[in-house]
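Please look over the sequence and the model below before reading on. The paragraphs that follow take the parts one after another.

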Amino acid sequence: LNVVVMGLGYIGLPTAAVIARTGARVLGIDVSATVVDTVNEGRVHIEEVDLDGLVSGVVARGTLRASTEVAPADIFVIAVPTPFADDHQPDIAYVLQAATSIAAVLKAGDTIILESTSPVGTTEQVRDLIAQLRPDLKVPGRCTDQPDISIAYCPERVLPGRILVELIDNDRVIGGITPRCARKALAFYRRFVRGACVTTTARAAEMTKLTENAFRDVNIAFANELSLVADRLGVDVWEVIRLANRHPRVNILSPGPGVGGHCIAVDPWFLVAAAPEETPLIRTAREVNDGKTDHVVAQAETLLAATGDAPVACFGLAFKANIDDFRESPALRVVQALAQSHADRIRVVEPYAQALPPTLADTGATLVDIDTALETCPVLIVLVDHDLFRSIPLEERRGKRVLDTRGLWPDQPLAPA
Ligand code: SAJ
């Protein structure tokens, strides 16, 4: 079996490597020559648990190769980004570009599977584009006799940090343009997925993916809104949530400095853009979560104003715990805002960064290790719940002024006046 995976990012590269491990011959395509060279040397350009060993193994065995040029194959998996524009309208240009390059090498019997998170209707747009570019091929849903190719939508659902486990164990939703397309794609996923593979239509599968991430966003927004109420009322929100969650049908998520990453902070907008009138809740959840970051900046400014010119240690830049991914990170947004007017006071502690990211590099803020921060900074702001931070014992935090946006240190005494 020959498989082409379009896009060698956080999803495409692990997916390509897992398929290659089954013995299929996989060609990974990326627009970046650096990424292609790195993979062909058996190395990885992203941090993900166990990915380096897997990639070096399948490249050495010759089942995974990378290129900037698409080649003929039996299965084409599209895993390219679908960002949104400034007006929150989804941008599927990369998906359509990928489909265009696939069209050039497509032959009867091939299957195209879109995995990128996409607005409802995108898989049909891919089908229409292929029909237009390759009038010699019969496309599914557009002809009465047997189509020449199959097209399906099967969203990725893996959690960064657990990608290689979840690629295998998670259930998959497989939406075909027609039931036959779905069955074709299902046979492919059965090669490496241990979870259940459930088939449906392409449109239902597209909406399912958006729904999952909007569900999480709305639930995090509820927790973030509670944290604002608790602040106003002088109550410990973490304690309230812990207690409320003892109810058998209550399961509240954790407040934080906002929602980051390239999925949960983005995908709900695809639903809002598709049905603006019908989505006040989903839109408001997005606004609540973005607004939480502004609230944390204001809290931090108040703390800085109350602490003279004391150095301030900001714990964490990543968008969530225990990863090196800073995309759309609320922690990074908070530190950037503080660095604008207090750069000389700002020390950043981020064990997952070798250097400050470009947006902070020239501000005057400095990157320090945990020990230095604890020794030199009387003011601590927790922005990410990395395990390395959670394990700092109370003795090392006693007497500090602390703003803990993640509820990481429940034993922290109230700050000295
Ligand atoms: N967060 C909170 N409080 C919580 C949980 C999360 O503030 O209780 C924050 C995190 O700190 C982070 C953001 O939300 O900033 C998102 O983190 P996450 O762990 O909820 O999700 P992602 O973005 O890493 O991955 C999500 C997952 N989707 C769901 O859990 C429904 C993953 O399964 C998807 O594959 C991924 O999006 C994706 O690619 O769409």
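Into which domains is the protein chain divided? In this predicted model, the chain is split into domain 1, residues 2–210, and domain 2, residues 236–404. The C-alpha centres of domain 1 and domain 2 are 33 Å apart. Where the two touch, domain 1 contributes eleven residues and domain 2 contributes 13 residues. On the domain 1 side of this contact, six residues are nonpolar, four are polar and one is charged.

Tyr153 is found opposite Gly175 in β7.

Strands of a sheet pair through backbone hydrogen bonds, and they may do so in a parallel or an antiparallel way. How is the pairing described in the open sheet of five strands, and in what order do they come? Here the pairing is parallel, and the order is β11-β10-β9-β12-β13. The edge strands are β11 (366–367) and β13 (401–404), which pair on one side only. Strand β10 (residues 346–349) pairs with β11 in the parallel sense, over two bridges. Opposite Arg347 stands Thr366 in β11.

Helix α11 (residues 280–305) lies across β9 (312–315), β12 (379–382) and β13, with a direction at about 175 degrees to β13. Helix α12 (residues 330–342) lies across β9 and β10, and it runs at about 155 degrees to β10.

Next comes a contact between two helices. Helix α8 (residues 202–233) packs against helix α10 (residues 267–274) at an angle of about 110 degrees, and their axes are 7 Å apart. An angle from 65 to 115 degrees counts as roughly perpendicular, and α8 and α10 are therefore roughly perpendicular to each other. By class, the residues in this contact are five nonpolar, one polar and two charged. From α8, Leu210, Asn213, Ala214 and Asp217 take part, and they meet Asp267, Pro268, Phe270 and Leu271 in α10.

Which residues come nearest to the ligand? Of the 20 residues around it, these are Leu253, Gly256, Gly261, Cys263 and Lys320. The shell as a whole has nine nonpolar, six polar and five charged residues. Both domains supply residues to the shell around the ligand: at least three come from domain 1 (2–210), and at least three from domain 2 (236–404).

Methods: Residues numbered from 1 in each chain as written. Predicted model: local features only at pLDDT ≥ 70, side-chain atom pairs only at ≥ 80, totals over all residues. Pairing = 2+ DSSP bridges. Helix = DSSP H or I, 4+ residues; strand = E, 2+ residues; numbered from the N terminus. Contact = placed C-beta atoms within 7 Å. Axes fitted to C-alpha atoms, helices over the stretch in contact; angles between N-to-C directions. Parallel < 35°, antiparallel > 145°, perpendicular 65-115°, else oblique. Nonpolar A, V, L, I, M, F, W, Y, C, P; charged D, E, K, R; others polar. Near = placed C-beta within 6 Å. Domains from an automatic or database assignment.
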